[in-house]
Amino acid sequence: MSIRAFSSKLKIPCFAWKLLRDLMRPPINGYLFPVRSKIAVSECNSSNFISGFRQYHDGRPRGPLWKGKKLIGKEALFVILGLKKFKDDKEKLENFIKTHVLRLLKMDVIAVLTELERQEEVSLSLKVFKVIQKQDWYKPDVFLYKDLIIALARAKKMDEVMQLWESMRKEDLFPDSQTYTEVIRGFLRYGSPADAMNVYEDMKNSPDPPEELPFRILLKGLLPHPLLRNRVKQDFEEIFPDRNVYDPPEEIFGLR
């Protein structure tokens, strides 16, 4: 009893308690320590009392889940749920934006925008972005445009993409290569190679040096349009003289 009380007071772990218990046993065949001591895993992991000790959990979530939840505040989460709830009711949605979105702090409203983009709620994302543009603290930011434009392009909302594109250019912002790539790919998927070429021409006038990927996307997407493709191919060979362009047999695409 005295040993149990002493060990309980010191809160000795499961393994230490088993070792202490073995030490207090009388010697066997002249050996002070047992020849082999095995501690059952189920003994140490059991939620019941084990020799006066209990395994317990402090109740907090572990790992990425806990870290992820801390990035979005309670008010931002409430706003996200509200926007999704009223997205099919224009009047209620506008009232909710006035009463809740407009009162959010800067970091919270940006967190709402980012989470809506992640959930592919692109129409709601666009509304929140327009709210951000009207705030006193707003400054033109190419990254805010970039994430929203890419989300809209992947959702094939190309009319909204061009509205944002024009707004971005009015604020003297140029997209990066990834943005050009996704918008060009979006127009090709949308079945509008002429608009894809307009974006391509805009890319060539960008102050940043062009990258290879958007050219590759165009060269592949313009296979049914050989005249447009040849223009892009010539530019590609001038800008990237060490790279090769693969030209598949024309009969595969019905060009003969």
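Colleague: I've clicked on Leu164, which has its place in helix α10. How do you define a helix here?

Modeller: Helices (H or I, at least four residues) and strands (E, at least two) are DSSP runs, numbered from the N terminus. Before going on: this is a predicted model, where local features need pLDDT of at least 70 and side-chain atom pairs count only at pLDDT 80 or more, while totals for chains, interfaces and linings use all residues. Residues are numbered from 1 along each chain as its sequence is written, and side-chain values use heavy atoms, with hydrogens and water left out.

Colleague: Fine. How many helices and strands are there in the protein?

Modeller: The protein has 14 helices and zero strands, so by those DSSP runs its elements read α-α-α-α-α-α-α-α-α-α-α-α-α-α from the N terminus on.

Colleague: Back to Leu164, then: buried or exposed?

Modeller: The cut-offs first: buried is under 20% relative accessible area, exposed is over 50%, and partly exposed is in between (1.4 Å probe, protein chains only). Leu164 has 6% relative accessibility, so it counts as buried. Across the protein, buried residues make up 34% of the 256 residues.

Colleague: And which residues is Leu164 in contact with?

Modeller: Contact means heavy atoms within 4.5 Å. Leave aside the neighbours within four places in sequence, and Leu164 is in contact with Leu126, Phe129, Tyr145, Leu148, Ile149 and Leu152. Take Leu148: it is 16 residues from Leu164 in sequence, and their C-alpha atoms are 8.6 Å apart. For the protein, among contacts with a separation of 6 or more, 55% come from residues 24 or more positions apart.

Colleague: Let me try Leu144 in helix α9. Which residues does Leu144 touch?

Modeller: Not counting residues up to four places away in sequence, Leu144 touches Leu113, Glu117, Phe129 and Tyr138. Leu144 counts as buried because its relative accessibility is 15%.

Colleague: How do I describe two helices that pack together?

Modeller: Two packed helices are described by the angle between their axes and the distance between the axes. Axes are lines fitted to C-alpha atoms, for helices over the stretch in contact, and angles run from 0 to 180 degrees between N-to-C directions. For α10 (residues 158–170) and α11 (residues 177–190), the angle is about 145 degrees and the axes are 11 Å apart. The crossing of α10 past α11 is left-handed, a term for the near helix being turned anticlockwise from the far one by less than a right angle (clockwise would be right-handed).

Colleague: Which residues meet there?

Modeller: From α10 you have Met158, Asp159, Val161, Met162 and Trp165, and they meet Thr179, Tyr180, Val183, Gly186, Phe187 and Tyr190 of α11. That contact divides into eight nonpolar, two polar and one charged. The classes are: Ala, Val, Leu, Ile, Met, Phe, Trp, Tyr, Cys and Pro as nonpolar, Asp, Glu, Lys and Arg as charged, and the others, Gly among them, as polar.

Colleague: What else do the buried residues of α11 pack against?

Modeller: Their partners are α9 (142–154), α10, α12 and α13.

Colleague: Which residues other than glycine have a positive phi?

Modeller: Lys156 is one, at about 60 degrees, and Asp172 is another, near 60 degrees. Lys156 is in the loop between α9 and α10 and counts as partly exposed at 47% relative accessibility. Asp172 lies in the loop between α10 and α11 and counts as exposed at 66%.

Colleague: Last one: how do I read the faces of a helix?

Modeller: An α-helix has 3.6 residues a turn, so residues three or four places apart point the same way. In α14, the buried residues are Arg229, Val232, Lys233, Asp235 and Phe236. Seen down the axis of α14, they fall within an arc of 165 degrees, so they line one face of the helix; the arc is that of the directions from the helix axis to the C-beta atoms. They pack against α12 (193–204) and α13 (212–221), whereas the face turned away from the buried side carries the exposed residues Leu227 and Glu238.
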